[in-house]
Amino acid sequence: MRYSGFKVIAEALTGHKGWKPAWRDPAPQAAYDYIIVGGGGHGLATAYYLAKEFQQARIAVLEKGWIGGGNVGRNTTIVRSNYLLDGNEPFYEFSMKLWEGLEQDFNYNAMVSQRGIINLFHTDAQRDAATRRGNAMIMHGADAELLNKEQVRSLYPFLNFENARFPIKGALMQRRGGTVRHDAVAWGYARGADNRGVDIIQNCDVTGMRIENGRVLGVETSRGFIGAKKVGVAVAGSSSRVMAHAGMRLPMESHVLQAFVSEGLKPLIDGVITYGAGHFYVSQSDKGGLVFGGDIDGYNSYAQRGNLPVVEDVAEGGMSLMPMIGRARLLRMWGGIMDMSMDGSPIIDKTDIEGLYFNGGWCYGGFKATPASGWVFAHLLAKDTPHSTATAYRFDRFAKGLMIDEKGQGAQPNLH
Amino acid sequence: MIINHPLLGPRDAQEFIYLGDAALIHRPDGMAEGALERFIPYTYLRDNPAGSHRELWYHEQGDRSWLVVTRNTTTHEITAVEMARDVARKEGRSK
Ligand SMILES: Cc1cc2nc3c(=O)[nH]c(=O)nc-3n(C[C@H](O)[C@H](O)[C@H](O)COP(=O)(O)OP(=O)(O)OC[C@H]3O[C@@H](n4cnc5c(N)ncnc54)[C@H](O)[C@@H]3O)c2cc1C
């Protein structure tokens, strides 16, 4: 069923009786050509592009819970392509271009909103760094603009410009950045993949891998063994656990990141503001809630909930940037498990096991990557060669000294 | 989280800096044969378990000692706290 304005009107006039479930609920078959483990944004996008762009094949997505219950439904929905390094920027700009055409492509309203994102700076050195980053972005075909203090003030007059420690001197703006309704992304890809014959199998926990003579034959699951010619793993925070079934140790730690939503307020922030120096970023949802967050808690965790010190830190950051936030009440807070890699950048690569492929290490920034991650992972699965924008995301970059370390922090995941 | 420091008693985890897996105590010998092959996994690869995890915490805003904390990564419950020095000695790292 195609969705359209006409369809909405027709359904409104006939009591909304004609809507159907957006995807089937199939039982797993004995074997597939491709199994994607993980029904988050990346796994679903991979299945969608695999079915649509690359191959007519039997494809299944196996999800241990319900699709969209992981980070794709827990993030703060910011999309942007404001990276500095060569290994990253072409990939994220590819993703931004896919966002721009996504809703037409998969015929689903994902509320892609290019409302603009600013990264504040507070010193001359930070202005230089922002200029350099902006130039790198422009050279890779993205958009970037340097705003001075008065330009920032005209956008957000209520910010604390004269903060003694971090006075606002300006910002790097990417107007094409913004927000996307996160769970609609999961649902849109799921529906699009299902339409093209992909089996989306929920409540199917992958508990083991069958590997013989260096080749993967399929996966053991809570719903029995399922055979596959190729297995692609995209399980974000659970990466180390799932790849341990294949005997692999990853350059990764799992950490918890928290997010917060205030009560609904009148329109106040029409873009996205990031305040790195204060460990705080904020946007406003279409329902009016301020959606904000800060740093990861900083210790290994699989708990999907964080602790109070970071709540305090985020609240302090918010107060120092926009003191009026102290009058708003907090409605909800939650946590998600981040696959923090050793250089802060992802891995999309084959493994040494024939037929086993891996996609992970997204840290706290993988939502924006969802379309490109799905596309390039599908490309790798179908063609066995990396997509041109993802050639640097290899396992062996650590051994070879080819890290993609945007922050220059070294092998300390909680600092990325 | 409250870390029960062996010398100072219960302290707020906020006073500490987190480093990571206590396996980092076992730094390879840089002069030994094949040191490079051992340093790559030492530096970059982690077990990253869901469940009991032994990890290094540094009491920066306290007595500046390194601790080995055994903590469950699925519940954040801390089950043991030892001085890293004692652990390292026990495991044959120093004299
Ligand atoms: C609070 C928070 C804020 C964030 N903010 C942003 C942001 O503003 N912008 C941005 O770009 N990124 C952001 N991120 C990061 C982003 O959400 C993630 O990097 C991205 O969603 C990860 O990819 P995914 O969608 O595939 O992950 P997930 O949705 O977590 O998908 C992985 C799936 O694998 C499943 N799985 C795990 N183990 C198994 C198994 N054994 N068998 C079967 N299935 C399994 C899980 O149940 C899960 O559904 C944020 C994350 C959090 C938590």
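## Contacts between chain A and chain B

In this predicted model, 15 residue pairs, both at pLDDT 80 or more, are in polar contact across the interface of chain A and chain B (a pair of N or O atoms within 3.5 Å; within protein, one must be able to donate a hydrogen and the other to accept it, and residues adjacent in sequence count only if both atoms are side-chain atoms). The count of salt bridges between the two chains is 2 (a side-chain nitrogen of Lys or Arg within 4 Å of a carboxyl oxygen of Asp or Glu). E253(A) and R46(B) form a salt bridge, with 3.7 Å between the closest N and O atoms.

The area buried between chain A and chain B is about 2100 Å², and carbon and sulfur atoms give 51% of it (accessible area, 1.4 Å probe, that two parts lose on being put together, summed over both). R249(A), N300(A) and Y302(A) supply 30% of the area that chain A buries against chain B, more than any other three residues.

## Ligand surroundings

Among the backbone N or O atoms of chain A, one of V72(A) lies 2.9 Å from an oxygen atom of the ligand, and one of K64(A) lies 3.1 Å from a nitrogen atom of the ligand. A polar backbone atom of G366(A) is 2.9 Å from a ligand oxygen atom. Taken alone, the ligand exposes 1000 Å², of which the protein buries 95% (Shrake-Rupley method with a 1.4 Å probe; for residues, only the protein chains shown count as cover).

## Basis

Residues are numbered from 1 along each chain as its sequence is written, with chains lettered from A and ligands numbered from 1 in the order in which they are written. Local features need pLDDT of at least 70 and side-chain atom pairs count only at pLDDT 80 or more, while totals for chains, interfaces and linings use all residues; side-chain values use heavy atoms, without hydrogens and water.
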